[in-house]
Amino acid sequence: MPYSVSGTTFLVGYEGNPYVITTRHGLNPEHLGPICIFPSDTSHQFLPLKDVFFVPRDNFSEDFVELALIAVDTARIAHIDVAQATLIDLSLACGNWEGQESDFVILGFPEEGAFFDFDDQTLHANRVAFHARYVGRSCIPYHHEIEVNEPHTLTSFSGFSGSPVFTWSKSLNSAPTAVLCGMVIRGSSSSGKMHFLDSSILLDALKVKRTLEAK
């Protein structure tokens, strides 16, 4: 079976259940093929996946529905790597981040330099962390723009779609805490800018999925 490396995913916990969040265009849910998602950068185990939730494009503009949620099949978790996977607890990580003056951080796996070695059956991919500054709201509702601070050598930002975007929430007399701002949907290496979908939309989508699961 041929393999390819495409996009970034991240794991979240919501109402006691684990989910994988990524972009819709990276997953292509209308023509979904086999996908392999690892619980960590060092694990060789696959997450057991159950079903995917996405909004049909006919209902909204393309940018507005650029996310897909995949339920993890907890009944099929058999390996300790999977059982001990670190989740972003959305009840703690989401909050009011606009107006923060601290750095923003993007964590993703660029496609540049990533490949599958068929001789030794090894996937090679490097996680990259970018520090960025907030540019402002996009012309599209619930979309924001950030600009990478440091120089980079990537010719493309392909692969960063689906990356989580974090900043630091600061208050008097308490340590800074990480806040999930949203998920990258696209970017341009020439401009150094990325657009991301607000975390409130991720939460709304998870609420809908949980409602459907309860039926």
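Strand E1, residues 10-14, pairs with E5 in the parallel sense, over two bridges. In this predicted model, Gly-13 stands opposite Asp-89 in E5. Both strands belong to an open sheet of five strands with mixed pairing.

**The five-stranded sheet**

- The strand order is E3-E4-E2-E1-E5.
- Strand E3 (49-53) and strand E5 (88-89) stand at the edges. Each has a single partner strand, so one side of each is left without a neighbour in the sheet.
- In a regular strand, side chains alternate between the two faces of the sheet.

**Helix H4 and Ser-199**

- Ser-199 lies in helix H4. Is Ser-199 buried or exposed? Ser-199 is buried, because its relative accessible area is 5% and the cut-off for buried is under 20%.
- Leaving aside residues up to four places away in sequence, Ser-199 touches Cys-94, Trp-97, Leu-180, Cys-181 and Gly-182.

**Strands E11, E12 and E13**

- Strand E11 (residues 164-171) and strand E12 (residues 174-188) run antiparallel and are joined by seven bridges. Here Pro-164 stands opposite Met-183 in E12.
- E12 also runs antiparallel to strand E13 (residues 193-198), with six bridges between them. Ser-188 has Lys-193, in E13, as its bridge partner.
- The hairpin of E12 and E13 has four residues between the strands. In this hairpin, Gly-192 takes a positive phi near 75°.

**Cysteines**

- How many disulfides does a search of the whole structure find? The search finds zero.
- A disulfide is a covalent bond between the sulfur atoms of two cysteines.
- Cys-94 is in no disulfide. The nearest cysteine sulfur is that of Cys-181, 9.1 Å away, whereas a disulfide needs the two sulfur atoms within 2.5 Å.
- Cys-94 is buried, because its relative accessible area is 18% and the cut-off is under 20%.
- Cys-36 is partly exposed, with a relative accessible area of 37%. That value falls between the cut-offs of 20% and 50%.
- Cys-94 and Cys-181 are both among the residues that Ser-199 touches.

Technical notes:
Residues numbered from 1 in each chain as written. Predicted model: local features only at pLDDT ≥ 70, side-chain atom pairs only at ≥ 80, totals over all residues. Heavy atoms only, no water. Pairing = 2+ DSSP bridges. Buried < 20%, exposed > 50% of the residue type's maximum accessible area, 1.4 Å probe, protein only. Contact = heavy atoms within 4.5 Å.
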